[in-house]
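Morning, everyone. Please have the viewer open before I start. I will go through this one piece by piece.

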Amino acid sequence: MAEIAAYIALGSNLSDPVGQIEQAWTQLGNLPNTRLAACSSLYLSKPVGYAEQPDFINAAAGIETHLSPRALLAALLQIEARHGRNRTFKNAPRSLDLDLLLYDGLVMHEHGLTLPHPRMTERAFVLVPLAEIAADALIPGHGRVAECLAKIDVSDITRLLGETVCASRCQ
């Protein structure tokens, strides 16, 4: 299987969110047959759906992988579990959320896995960090990331200043 470009959204609002994201970047780079290729800045965003919770720290990662979409999703769920992710209710606070957004332009809808991620084009906290690392990436059925970003409100997301530890991990 050839190396595939995939993009992942990262989010956290519990238990040192910045640390959770930075650890997740390391763990993504340590997945078998996978290379961490790009990381966005960190962003602060308001919660969506369930408002009575802390703000989120969000980011995006680009990887090059030989893992299949299902194997990659399983690995992302294992990373979430290691970070203590509990799925108590929809839009609940979380220690770590990893969403597989894009997988080499693949379009699929199977139980537990839909590509591209079904709500990514509606969410500034996904598109803003993703546009930083992959503005020209194609979201099948929607257009380029930058084009989708231009159509949504980005007023509730703020870039955090400072360097992330991710840049030194990208190969």
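**Strand 4 and its partners**

Start at Tyr-7, which stands opposite Gly-62 in strand 4. Keep in mind that this is a predicted model. That pairing belongs to strand 1 and strand 4, which are antiparallel over 9 bridges.

Pick out Thr-34: its bridge partner in strand 4 is Thr-65. Then comes strand 3, residues 43–45, antiparallel to strand 4 over 3 bridges. There, Tyr-43 has Asn-58 of strand 4 as its bridge partner.

Now, how many residues of strand 4 are buried? The count is 10 of the 10, so strand 4 is largely enclosed by the rest of the structure. In a regular strand, side chains alternate between the two faces of the sheet. So look at each face in turn. On one side sit Phe-56, Asn-58, Ala-60, Gly-62 and Glu-64, and on the other Ile-57, Ala-59, Ala-61, Ile-63 and Thr-65. Every one of these is buried, and both faces are covered.

**The cores**

Next, the nonpolar packing. The largest nonpolar core has 29 residues. Which residues have the most contacts inside it? They are Leu-10, Ile-21, Trp-25, Leu-28, Leu-72, Leu-98 and Leu-100. Several elements give two or more residues to this core, among them strand 1 (4–12), helix 1 (17–29), strand 4 (56–65) and strand 5 (97–103). Helix 2 gives the largest share, 5 residues.

Zoom in on Leu-10. Leave aside neighbours within four places in sequence. Leu-10 is then in contact with Ile-21, Ala-24, Trp-25 and Leu-28, and also with Ile-57, Asn-58, Ala-59, Ala-60 and Ala-61. Asp-97 and Leu-98 complete the list for Leu-10.

There is a second, separate core of 21 residues. Among its members are Ala-134, Ile-139, Leu-149 and Ile-157.

Helix 1 first. A quick geometry check: at 1.5 Å a residue, its 13 residues should span 18 Å. The end C-alpha atoms of helix 1 are 19 Å apart, which agrees. Which residues of helix 1 are buried? Gly-19, Gln-20, Ile-21, Glu-22, Ala-24, Trp-25 and Leu-28 are. Note that Gln-20 and Glu-22 are in that buried set. What do the buried residues of helix 1 pack against? They pack against strand 1, strand 2, strand 4, helix 2 and strand 5.

Now helix 3, residues 124–134. Here 9 of the 11 residues are buried, so helix 3 is largely enclosed by the rest of the structure. The buried residues run from Ala-124 through Phe-125, Val-126, Leu-127, Val-128, Pro-129, Leu-130 and Ala-131, and then include Ala-134. You have met Ala-134 already, in the second core.

**Charged pairs**

The structure holds 2 salt bridges. One joins the side chains of Asp-55 and Lys-46, at 3.3 Å from N to O.

Another salt bridge joins Glu-110 and Arg-70, with their closest N and O atoms 3.3 Å apart. Glu-110 lies in strand 6 (residues 108–110) and Arg-70 in helix 2, so this pair ties together parts that are 40 residues apart in sequence. Glu-110 is partly exposed at 40%. Arg-70 is partly exposed at 36%.

**Two last residues**

Ser-95 lies in the loop between helix 2 and strand 5. With 6% relative accessibility, Ser-95 counts as buried. What does the side chain of Ser-95 reach? The backbone oxygen of His-83, at 2.7 Å.

Finally, go to Ala-2, in the segment before strand 1. Ala-2 counts as exposed, at 54% relative accessibility. Leaving out residues up to four places away in sequence, Ala-2 touches Thr-65 and His-66. Ala-2 and Glu-64 are 62 residues apart in sequence, yet 9.7 Å apart in space, C-alpha to C-alpha.

That is the tour. Questions, please.

Definitions and conventions. Residues numbered from 1 in each chain as written. Predicted model: local features only at pLDDT ≥ 70, side-chain atom pairs only at ≥ 80, totals over all residues. Heavy atoms only, no water. Core = buried A, V, L, I, M, F, W, Y, C linked by side-chain atoms within 4.5 Å. Buried < 20%, exposed > 50% of the residue type's maximum accessible area, 1.4 Å probe, protein only. Helix = DSSP H or I, 4+ residues; strand = E, 2+ residues; numbered from the N terminus. Contact = heavy atoms within 4.5 Å. Polar contact = N/O pair within 3.5 Å; in protein donor to acceptor, adjacent residues only side chain to side chain. Salt bridge = Lys/Arg side-chain N within 4 Å of Asp/Glu carboxyl O. Expected span 1.5 Å × (residues − 1). Pairing = 2+ DSSP bridges.
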